[in-house]
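Morning, everyone. I'd like a few minutes on one model. Please look at the sequence and structure first.

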Amino acid sequence: MSGGGKAGLDPAQKAALESWLTGQAGARWVTVIDEGRLSGGAISLNLAVTLEIDGGPQSGSHACVLRTGSASGVSASLGKAEEAAVLRAVFAAGATVPEPLFVGADPAMLGAPFYIMRRATGVAAGFRIVKSEEPRRELARELGRQLGLIHRVRPGAPGPELAGLEFLARPEPTAALQAVADFRRWAGRYAASDPVLAYGLRWLERNAVPAGDLVLCHRDYRTGNYMVDGDRLTAIIDWEFAGWSDPMEDLGWFCAACWRFGRNDREAGGIADRADLYAGYEETAGRTVDPVAVAYWEAAACMRWAVIAIQQADRHISGTEPSLELALTGRMLPEIEMDLLRHLDAVEAAP
């Protein structure tokens, strides 16, 4: 992924950032080369930057991404300092994620909190990744392995991975029922006025899976949020929705129809069969996949994506952040609801 979009830092911001980074890096000076906005990131802003650091332990040239908040967000998003803490935890756990380098929690510098991480190579665009003629079975398996590593981070477990994650609340009374309550709250008036959302919420409530393991979930683990260079996975990105939850939630999100980019013949993110993803997951997670729970969380994925689409549209309609991309996301609601209904029909018809 490369830059090339419009610059994201004005001269005053750039000067302030360089001064701050000089202190953070223990350097003689730091020069920030702003290479423009990266593609993607409807909720967050991603800027390609190169840090030229003179002196100190990190002296040298570093290709990085500066990730900061947009003018508005959606209810499930973590703050950028919190997101960086999650990224640091999964990096320490050995997952293939960009290394976080610097965290700026003070919004005064750039207008919002931010963090800077190393820049990975490759592409993330889902519509490109799913175009391979043959199923990408080894990629799906590796993504399963990576998810298993991520899910080793658990609340209360010893080790450096948990440092700084105290802000993550545990779901109550269970991960499933907490999710239903969150969806209902985030949907606002649509929870009652939209018949598909009302039906879906009731189904999720009545069929909620029981409490099980609680692990750190990415909660947006899908094609489009990992980067591939050729056939090699280079980074799992976009951690702003992370939290403690049922591990089957991430598997359900990855396999949900709304994230296959039209390749419904390949149920694991449009790239391979779900059996490949599951096999990789079981290699590293220390648990087996529960297909019934995954099916439940696939329904929850459609519901969650529907609510996010509503909130993205509201960001545009309210005038807070006029954006064609946000408006078009809102227009996807009927398609998402159809995916939900089809999935529920299939679940109900299963023996």
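Two strands pair if DSSP finds at least two bridges between them. Helices (H or I, at least four residues) and strands (E, at least two) are DSSP runs, numbered from the N terminus. This is a predicted model: local features need pLDDT of at least 70, side-chain atom pairs count only at pLDDT 80 or more, and totals for chains, interfaces and linings use all residues. Numbering starts from 1 along each chain as its sequence is written, and side-chain values use heavy atoms, with hydrogens and water left out.

Start with strands E7 (residues 226-229) and E8 (residues 232-236). They run antiparallel, joined by four bridges. Together they form a hairpin, with two residues between them. Glycine 230, in the turn, has a positive phi of about 70°. Tyrosine 226 stands opposite isoleucine 236 in E8.

Now, what does tyrosine 226 touch? Contact means heavy atoms within 4.5 Å. Not counting residues up to four places away in sequence, its partners include Val123, Leu139, Phe254 and Ile271.

Next, helix H8 (residues 247-255). Is H8 mostly covered or mostly exposed? Mostly covered: nine of its nine residues are buried. Buried means under 20% relative accessible area, with exposed over 50% and partly exposed in between (1.4 Å probe, protein chains only). Even Glu249 and Asp250 are on the buried list. The cover includes helix H4 (137-150), E7 and H10. At the start of H8, a side-chain oxygen of aspartate 246 reaches to within 2.8 Å of the backbone nitrogen of methionine 248.

Note on methods: A polar contact is a pair of N or O atoms within 3.5 Å; within protein, one must be able to donate a hydrogen and the other to accept it, and residues adjacent in sequence count only if both atoms are side-chain atoms.
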